[in-house]
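Here are my notes on the model you sent over. Have the structure open while you read, and go through the points in order.

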Amino acid sequence: MTPDRAISLVQERFGLQAAGEGRYLTVEGVPVERWQEFFRFAKETLGCRFFSFLTAVDWKEQGLEVVCRVENLEDGVGMLAKARLAPDARCPSLTGLYRGADWMERECYDMFGVRFEGHPDLRRILLSQDWEGYPLRKDYAVDTPHPPYR
Amino acid sequence: MADPEARKVIELGYGGNERLVMNMGPQHPSAHGVFRMILTLEGETIAALDSVIGYLHRCHEKLGETLTYAQYPSIASKTDYVAAMTSELAYVLAAEKIGKIEVPKRAQYLRVLVAELQRVASHCLWLGTWCLDIGGALGGGATVFLYCFREREMVLDLFESLTGARLLYGFHQVGGVRYDLPEGWAQRCRDTVDRIDQRLDEYESMLESNTAFLIRSQRVGVISRELAQEVGIAGPLLRGSGVDFDIRRDDPYSSYADFDFKIPVEEAGDCYARYRVRMQEFRESIKIVRQALDGLPEGPISSRPALKSVGQVRIPKGEAYARVEGPRGEVGCYLIADGSPKPYRMKWRGASFSNLSILPHIVPGHKVADVVAIMGSVDPVFGEVDR
């Protein structure tokens, strides 16, 4: 798999533009309902079997965006894809494709409140289970009070 | 005091085929930090493992949004505090990538030099604590631990005379590094790595001729090549599972392309394979340190003027993912800049976080004692897991 081949495949299958800085490609605006389909394609067709990370970005009024990066280690092609979420913050889970998505999605739920549908065990991971709010959202102030000794 | 019903359940659990839930941690000497495991046992065999993390969580990613590009690098060292040099480097590389900031050649070599010394120090800590974990097998166990700490101490002394700090350095800054080598440092550094190089043979002969050590580490905690990639483990764990990937060679940063070194790979995927990978990495790191000292170019150590205020570094709008090969694998920083002195968003990909998430996949089927050996071979640093 070469970066050029990956760019044309993404264009062909999803009609999306993969911008590249060398061998590492970024795909913006994957439709959230095709999120799983996109990563199945990335894993099986592009050979990106290495799961690097998954996170989200809070763009305030424009809503949340989920970001995930996978990589083909043999050919050195990296793929970073992004999907905008609707205000209900629901996103299909990638746990069926990548086992590494398990903890990363839990962290993303913990910090942003993204609800990953199909995740087998969506609990908070870094904060305690009774924590209120989602700290990495932009409307969560750094000095938000919380019960002591947590 | 105890509830008689609850007691009955526990007694039944010892009977045979029933399952017993056992708590391990969060304060446990083999946990290398604060980590709780909830083990479901069938006899002494583990049927399931649930990990509880987050005890050291400081929300570094929120901190990254509230601190400026000048302030955060010294805080970044507190993620993986055993390898502070590499954590700082990931952050400044990301900022430099967005801002297209040139780094002088001398600073790039200094970055490589300290990163490799850090790998030596970090692997010393790993080897010592791991051997302490499987201590019974080594006839007391504390010997290797104390030897390794003696060697690590020598590297920390070098760092102390370079930066003034022994654990958290604040060495890197956007555009270069903050300190140049003091008088006589290069020679001291050469002497130190020579001495460590000799002592590695000593460790190897001590461990690899010890049958108990081999039994405890070989064929224990096997990670397949497929599982390794899917979970996203990195560094010595990935290479111990037969995947030939190292960021220093495959996505070089900071002049690593100028250096000549080998990437050790082992096929077995067990604790022993991970041990072998790290032992060979020790020597490769020492090789790189010597090359960096030999080839150290003259010139400035930073492309930016000295800092007079914390808001002085501004990075233009943009985003980048920068990563470095830390002692524990891929330490990555995904940074989104909005033109202000602070990033809009910072995601920290902690190598230990991904590495630790392998545990529920490989521990079931092993005995309780093996959990400790496997856990040690994963080498998690909880500052980086919990961030």
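1. Two strands count as paired if DSSP finds at least two bridges between them; helices (H or I, at least four residues) and strands (E, at least two) are DSSP runs, numbered from the N terminus. With that settled, chain B has an open sheet of three strands in the order β1-β2-β3, paired antiparallel. Its edge strands, each pairing on one side only, are β1 (19-24) and β3 (45-52) of chain B. On average, neighbouring strands here are turned by 20 degrees against each other, direction ignored (the axes are lines fitted to C-alpha atoms).

2. A word on the source: this is a predicted model, where local features need pLDDT of at least 70 and side-chain atom pairs count only at pLDDT 80 or more, while totals for chains, interfaces and linings use all residues. Residues are numbered from 1 along each chain as its sequence is written, and chains are lettered from A in the order in which they are written.

3. Back to that sheet. β1(B) and β2 (residues 36-42) of chain B run antiparallel over six bridges.

4. Chain A has three helices and seven strands, in the sequence pattern α-β-β-α-β-β-β-β-α-β. Its radius of gyration is 16 Å, close to the 15 Å the globule rule gives for 150 residues, so chain A is as compact as a globular protein of that length (radius over C-alpha atoms; rule: 2.2 Å times the number of residues to the power 0.38).

5. How much of chain A is buried? Buried residues are 44% of its 150 residues, where buried means 20 or more other C-beta atoms within 10 Å of the residue's own, with C-beta atoms placed from the backbone.

6. The largest nonpolar core has 153 residues; such a core is a set of buried Ala, Val, Leu, Ile, Met, Phe, Trp, Tyr and Cys residues joined through C-beta atoms within 7 Å. Helix α5 (residues 105-133) of chain B gives the most to this core, with 17 residues. Met79(A) and Ala94(B) are among the residues with the most contacts inside it.

7. Now the interface: 26 residues of chain B are in contact with 22 residues of chain A, contact meaning C-beta atoms, placed from the backbone, within 7 Å. Among the elements of chain B supplying at least two residues each to that side are α2 (60-66) and β7 (329-337).

Terms used. Buried ≥ 20, exposed ≤ 12 C-beta atoms within 10 Å, placed from the backbone. Axes fitted to C-alpha atoms, helices over the stretch in contact; angles between N-to-C directions. Contact = placed C-beta atoms within 7 Å.
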